[in-house]
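Please open the model in a viewer and keep the selection tool at hand. The stops below follow one another.

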Amino acid sequence: MFTGIITDVGRITGVEHRGDLRLRIATAYDTASIDMGASIACSGVCLTVVDRGSDWFAVEVSAETLSRTAGDWSEGTPLNLERALRVGDELGGHIVTGHVDGVGVVTEVVPEGDSTRIVIEAPASLAPYIAAKGSVALDGISLTVNEVSDQPDGAVRFGLNVIPHTQQMTTWGGVAPGREVNIEIDVLARYLGRMEQLRRVV
């Protein structure tokens with residue numbers, strides 16, 4: 001479990017194509033405190049630590065994960081990082097699992113005061129789970145949806161505001177239209193949707 005509060009921006013410094021994709025990620029974390037097998041969210045994707053050094057850790061990304069997520073998994077790419085939630089930690093964002101539900105696309109980026117208003121288009125499969133004033137994780141960042149606009153083709157566009165602090169502390173400082181983003185819907189919405197689906201069947 002995670003909270004969607006990014007605590008480091010790492011960078012991919014090595015890529016190996018094995019049975020799975022193995023990534024070496026540079027980090028400011030104290031890697032001596034990272035256990036082998038620990039979970040770290042990398043731009044919203046929960047990955048398992050398989051190796052570590054003095055200032056880096058390594059993870060393996062399966063073909064299944066690559067097929068369901070956005071992002072450039074190549075050398076030099078920055079990643080939003082968050083270590084797993086520990087009992088007693090402050091829940092500053094919302095409950096995030098690190099399981100990506102779909103990929104969205106940035107359609108608008110507009111300055112709004114000191115903040116930036118961003119509009120994301122998400123696929124129709126996620127439309128029922130995105131609500132105004134609800135929570136959503138984008139590239140692992142816990143954010144609040146401001147407004148929702150259903151599209152004629154079933155897709156959904158939703159807007160949110162990103163404050164300067166979030167831009168400075170994450171990979172979203174240079175976000176631009178056309179960028180793909182990992183979307184994780186609120187876990188409660190996920191279960192409510194499943195319950196409603198089963199209720200209609202019965």
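Start by selecting W172, whose contacts (heavy atoms within 4.5 Å) include N80, I118, I120, L138, D139, I141, V162, Q167, R179 and V181, leaving aside residues up to four places away in sequence. This is a predicted model, in which local features need pLDDT of at least 70 and side-chain atom pairs count only at pLDDT 80 or more, while totals for chains, interfaces and linings use all residues. Residues are numbered from 1 along each chain as its sequence is written, and side-chain values use heavy atoms, with hydrogens and water left out.

Buried means under 20% relative accessible area, exposed over 50%, and partly exposed in between, with a 1.4 Å probe and protein chains only. Strands are DSSP runs (E, at least two residues), numbered from the N terminus.

F158 counts as buried because its relative accessibility is 0%. Among the residues that F158 touches are I130, V136, V145, V148 and I183, again not counting those up to four places away in sequence. E121 lies 37 residues from F158 in sequence, yet their C-alpha atoms are 6.6 Å apart.

Seven of them form an open sheet in the order 10-9-13-7-8-12-11, with antiparallel pairing; two strands pair if DSSP finds at least two bridges between them. Strand 10 and strand 11 (147-150) are the edges, each pairing on one side only. Within the sheet, select strand 7 (residues 102-112) and strand 8, which are joined by seven bridges in the antiparallel sense. P111 faces T116 of strand 8.

Finish with two loops. Where is K133? Look in the loop between strand 8 and strand 9. K133 has a positive phi of about 70° although it is not a glycine, and K133 is exposed, with a relative accessible area of 63%. Then go to S43, in the loop between strand 3 (39-42) and strand 4 (45-52). The phi of S43 is also positive, near 50°, but S43 is buried, at 9% relative accessible area.

Key. Helices (H or I, at least four residues) and strands (E, at least two) are DSSP runs, numbered from the N terminus.
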